[in-house]
Amino acid sequence: MIEKLIFSIIAIALFTITFFKMVKKNDTVYIYILIMEFIGIVIHFVELFLASPFPWTIRTMMYLLAIIMPATLFIIGKIKKIDIAELFRIIIAKIYEKQGNIDKAKSILNEFIEKNENSYNAHKFLAKLYEKKGSYEAAIIEYRKASELNRKDLQIKYELSVVLNKNKENEEAINVLQELLKQKPEYEKASNLLGDIYFEQERYKEAVSIYMTALRYHPGSYELYYCVGMAYTMLNDFQHAKEFYEKAAEINSLAHNAKLNLGQIALLYGDLEEAEKYFREASKREDLEAGCYYYLSQIALLKGDQEKAINYMNVAIELDSKVYNQMQRDPIFIPIRNEIKMPKEEIEDKKKKTLTKKEKSVNAHLVKTCILVGNLSNKDLKVAQKKKERQNEREEKQK
């Protein structure tokens, strides 16, 4: 009897609260919750009337409908600081999103916002849906509205800056990120994005400044050390770049991108042994393999070992047929061009590309710099070949 009494009190209390919320909010969503609670209460009173306990399946349904589900909605709403109607629609919108019906999810949220303009959570979720569909201008409007409704939510400001960047509104994105970092200077993701925007605009000194400030708060961040290294590379400050690449590689032994850059810098300075070591390590990552073997072929030529250079280049072309055209344009390979196997057909590259646009620009810059300073010129190659020939002559005389 005590259990039934407690059930009746709680169920009726929840029903009453829901009813008054419906009257106050004037939202039809509460009708569905009331119907759910009503069905649970009716089952309970039928059980009382029959004076015989129902099977556990029906009793479980009774508790779920009358108490557990409405109570859960109230508790979640209290924790998330949203009312049941808002929570209900967001849940339904998320269900449609999971099913891939983004348009229906947006429609549900827009209908709710028409009656509840100050719904922070609805604006926030709607912004994410617009962003997901690539409707960046609409997403920006919703993110701005959500940010105005909850100025303490710095995550919203960051997400706004991300969409602004995607929409090529970089100056506005910079303003939002600068304001965000004033409020929370240790916000690493914001620092990374701001530095990346400066990098994209070729404002490399400003990018270095942002990354270095972030390192004060995150001294163990591989990503930040690597980004500083890339920015210094574009400033042609290769000594500093090398220091930061080495630190990145020290933090993350699997930092193959950093090792590739270290190999390129070592090659730039003519340190062939160190360059070879780094290229071998970087080649362990599949999408860097072809490029690393290309560089190893260059190093073999500089050392006067044409046979090894040919083998490395053939491996590079097997991994990526596009390397063949690159080799044809590079004067260093003139002595072995005729020995290189032409790919029968273009190989479909099925490996996942993980190099970012920024990383590609850094790699291209290093290649161009190496050629400009002459470390990979034909003159060096001829010197290396003559050195090898003299060595062979001495060995022949000794025999």
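## Helix packing and a pocket in a predicted model

H12 and H13 are roughly antiparallel to each other, because angles over 145 degrees count as roughly antiparallel and the axes of these two helices cross at roughly 160°. The model described here is predicted. Helix H13 covers residues 238-251, and its axis comes within 8 Å of that of H12. The crossing of H12 and H13 is left-handed. On the side of H12, the contact is made by Tyr222, Tyr225, Tyr226, Val228, Gly229, Met230, Tyr232 and Thr233. H13 contributes Phe238, His240, Ala241, Phe244, Tyr245, Lys247, Ala248 and Ile251. By class, this contact of H12 with H13 holds twelve nonpolar, three polar and one charged residues.

The axes of H10 and H12 come within 11 Å and cross at roughly 15°. That makes H10 roughly parallel to H12, since angles under 35 degrees count as roughly parallel. H10 passes H12 in a left-handed crossing. Here the contact involves Glu188, Asn192, Asp196 and Phe199 of H10, together with Glu223, Leu224, Cys227, Met230, Ala231 and Met234 of H12. The residues of this contact of H10 with H12 comprise six nonpolar, one polar and three charged.

Helix H14 (residues 256-268) and helix H16 (residues 289-302) form another pair, with axes that come within 12 Å and cross at roughly 20°. H14 and H16 are therefore roughly parallel to each other, and their crossing is left-handed. Leu260, Gln264 and Leu267 of H14 meet Cys292, Tyr295, Gln298, Ile299 and Leu302 of H16. The contact of H14 with H16 has six nonpolar residues, two polar residues and no charged ones.

| Helix pair | Axes come within | Crossing angle |
|---|---|---|
| H12 and H13 | 8 Å | roughly 160° |
| H10 and H12 | 11 Å | roughly 15° |
| H14 and H16 | 12 Å | roughly 20° |

By class, the lining of the second largest pocket has five nonpolar, four polar and eight charged residues.

Technical notes. Residues are numbered from 1 along each chain as its sequence is written. This is a predicted model: local features need pLDDT of at least 70, side-chain atom pairs count only at pLDDT 80 or more; totals for chains, interfaces and linings use all residues. Side-chain values use heavy atoms; hydrogens and water are left out. Axes are lines fitted to C-alpha atoms, for helices over the stretch in contact, and angles run from 0 to 180 degrees between N-to-C directions. Helices (H or I, at least four residues) and strands (E, at least two) are DSSP runs, numbered from the N terminus. Angles under 35 degrees count as roughly parallel, over 145 as roughly antiparallel, 65 to 115 as roughly perpendicular and the rest as oblique. A crossing is left-handed if the near helix is turned anticlockwise from the far one by less than a right angle, and right-handed if clockwise. Contact means heavy atoms within 4.5 Å. Ala, Val, Leu, Ile, Met, Phe, Trp, Tyr, Cys and Pro count as nonpolar, Asp, Glu, Lys and Arg as charged, and the others, Gly among them, as polar.
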